[in-house]
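Biologist: I would like to go through a structure feature by feature. Please give the general idea where there is one, and then the case at hand.

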Amino acid sequence: MRQNNPQNWTIVSFLLLAILAIISLLIGRANFAFSEFLPSSPKYEAALLVLLEVRLPRTLFAILCGAALAVSGAALQGHLRNPLADAGVLGISSFASLGAIIAIYFGLSSLAFWVLPAMAIVFAWLSMALLLLIVGRDVTAIYFILAGVLLSTISGALMTLALNFAPNPYAIAEIINWQIGSFSEVSMREVALTAPFIVIGLLILAQNAKSLDALSLGEETAQSFGLNLQKSRRNLILGVGLLVGAVTSISGVIGFVGLIVPHIVRPWVGSVPSRILLPSALLGACLTLAADILVRLVWFGNELKIGVIMAIIGAPFFLHLLVQMRKTGGK
Amino acid sequence: MTDGVIASGINVSIGGREIIHNADIEIAMGEITILIGPNGAGKSTLMKALLGLIECGGGSVTFDAQPKQNITPTQLAVQIGYLGQNTKPEWNMNVEDLVSLGRLPHQELGISSKSQDQAAINEALGALEIQHLRKRKIEAISGGELALVLLARVLAGKPKYIFADEPLNHLDVAHQIQLIKALQVFCKNGGAVFAIVHDLTMAARLGNKFALMANGKIVANGDRQVLNTQNLSEIFGVEIATAKFNGQTIFVPK
């Protein structure tokens, strides 16, 4: 594929994002014609209410979520030098939603507004520390995937256990909402709650970007560049935990965004790890926003979950990557 | 003489097992020092210990008469280029992007402008005569070309010292000679090379100082004379004969 100028690519994906954002604001369950958003229309007030209270927060959250998950995936793949790394595959998202479940169903989240995202973030940190502990210095793909399977299984079991013990008798029925994410209950409050964590997480990973480049020739060469491996790993855990924790505490697990997006970006902007972060953020936002628009267009009497759409797109992509790795000898 | 690397009394233990015992080594400017020894003798470990990639259990290393502990990792990074064993880039980037990684320590210290970076990259590609590969992807070039590209990455950092762990491995003769020449030019221009080489004939051709290592100890060092039948037979445990051919020394195990 032709390697385009990264700047051009960034501009194109930014424009695409703007177009998708406008579509996202105009499309939804409540069927308003474009003319009804004009002040002269009799339905103007109702339309404006839906636009500002329902569609705007949902659009903003989809953008934040896609950027956060895609940048997490790009940073994880870069740091671990593993093309299959992703918060969902590695069980980090799953742990974050375990944290959110404990916060909600045991009443902790009513103590203060920030407890919900904070619990999810702490659990995301915990899972990453566990992951790196299990895998150690061995960065072969298979160990990461097995460690991810282990973490996902553990968190799935603990989620069920937590919901069994939850004071609310209907809690167990909600487990599916946490394992397959959705944006349907997002309001401006959730956007405001998670945005600061996501912005800080993005800044930490952006600041850590050059260490990903150094690591592309392996840990020892990176150290010969003067890289402080411990510090870089700490920043990775901090940043990815903030992003994945904040997003998951509101939407539940949305897989595959972080896995897919960096692979689409790489052939276009070159495979230098630091260079794919910004384009990944933009394309990740486009992908989740497009998927969420699709969710609203397809109606089965019940709203489709965005987590389902991402899994339907993502699982074949994951398979494609595995086949690809086998062809090239893999690692 | 103050420039050069001097290591003395290096000890390294990993997991309670002593890998390096009381090793002394000197890397002088303008010279190619070659470390020779059987598999498992501790050669790679010694090289990593000098660079601080592995912690030393004892001994001292000085770069240009400065104790290594007084030099920050990034300051050291602009002085050295480490060509690790079996290094392979994890991502299918193009050759120029890979070579530009050699500029990371300078960028980190903020002591290099964009045009200086580009000039260093061009110079490194030119030194190895691989300008034509510039826009090619790593996965689309041969193993021999990749070895040259990885050395260009090291040269782009404009190091004073090159540490190369088995740089000639898996290369055909033409690429071996090309690599040897590039390292010799680097030394002629005032740099110093410390390399681990297994092929004795190539080692003798490449180096002008030699250190022999066995069981974690340096057993002999000096100029070409240390590569004698007796020393080599002793450290490898097989009899090795030498002969002169076209003015070069060749080594043949019996």
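Biologist: How should I read the confidence, and where in chain A is it lowest and highest?

Modeller: This is a predicted model. Where pLDDT is low, the predicted coordinates should not be read in detail. Chain A averages a pLDDT of 88, and 96% of its residues score at least 70. Within chain A, the lowest confidence falls in helix 6 (residues 175–179), with a mean of 78, and the highest in helix 7, at 96.

Biologist: How many helices and strands does chain A have?

Modeller: Chain A has 13 helices and zero strands. Its pattern along the sequence is therefore a run of α elements, α-α-α-α-α-α-α-α-α-α-α-α-α. The radius of gyration of chain A is 20 Å, close to the 20 Å that the globule rule gives for 331 residues, so chain A is as compact as a globular protein of that length. The C-alpha trace spans about 70 × 55 × 35 Å along the principal axes.

Biologist: What share of the contacts in chain A comes from residues 24 or more positions apart?

Modeller: Counting contacts in chain A with a separation of 6 or more, residues 24 or more positions apart account for 78%. As for burial, 55% of the 331 residues of chain A count as buried. The accessible surface of chain A is about 14,400 Å², and carbon and sulfur atoms hold 70% of that.

Biologist: Which residues of helix 1 of chain B are buried?

Modeller: They are B:K43, B:S44, B:T45, B:L46, B:M47, B:K48, B:A49, B:L50 and B:L51. That is nine of the nine residues of helix 1 (residues 43–51) of chain B, so this helix is largely enclosed by the rest of the structure. Just after helix 1 of chain B comes B:G52, with a positive phi of about 80°.

Biologist: Take A:L150 as one member. Where does A:L150 lie, and is it buried or partly exposed?

Modeller: A:L150 is in helix 5 of chain A. Its relative accessibility is 42%, so A:L150 counts as partly exposed.

Biologist: And A:V199, where is that?

Modeller: A:V199 lies in helix 7 (residues 188–207) of chain A. At 43% relative accessibility, A:V199 also counts as partly exposed. From A:V199 to A:P42 there are 157 residues in sequence and 39 Å in space, C-alpha to C-alpha.

Biologist: Let us turn to charge pairs. How many salt bridges are found over all chains?

Modeller: Side chains of opposite charge can pair when their charged atoms come close. The whole structure has 16 salt bridges over all chains. One of them joins A:E190 and A:R189, at 3.9 Å from N to O. A:E190 is buried, with a relative accessible area of 15%, whereas A:R189 counts as exposed at 51%.

Biologist: Which parts of chain B does the pair B:D64 and B:K160 link?

Modeller: The side chains of B:D64 and B:K160 meet in a salt bridge of 2.7 Å, N to O. B:D64 sits in the loop between strand 4 (58–63) and strand 5 (66–67) of chain B, and B:K160 in the loop between helix 6 (143–156) and strand 7 (161–165), 96 residues apart. B:D64 is buried, at 17% relative accessible area, and B:K160 is partly exposed, at 23%.

Biologist: Are B:R103 and B:D117 buried or exposed?

Modeller: Both are buried. Their side chains form a salt bridge of 2.8 Å, N to O. B:R103 is in the loop between helix 3 (95–100) and helix 4 (104–109) of chain B, and B:D117 is in helix 5 (residues 114–127) of chain B, 14 residues apart. In chain A, salt bridges that share partners join A:R58, A:D292 and A:R296 into one network.

How values were computed: Residues are numbered from 1 along each chain as its sequence is written. Chains are lettered from A and ligands numbered from 1 in the order in which they are written. Side-chain values use heavy atoms; hydrogens and water are left out. Helices (H or I, at least four residues) and strands (E, at least two) are DSSP runs, numbered from the N terminus. Buried means under 20% relative accessible area, exposed over 50%, partly exposed in between (1.4 Å probe, protein chains only). The radius of gyration is taken over C-alpha atoms; the globule rule is 2.2 Å times the number of residues to the power 0.38. Contact means heavy atoms within 4.5 Å. Accessible areas come from the Shrake-Rupley method with a 1.4 Å probe; for residues, only the protein chains shown count as cover. A salt bridge is a side-chain nitrogen of Lys or Arg within 4 Å of a carboxyl oxygen of Asp or Glu. pLDDT is the predictor's confidence in each residue, from 0 to 100.
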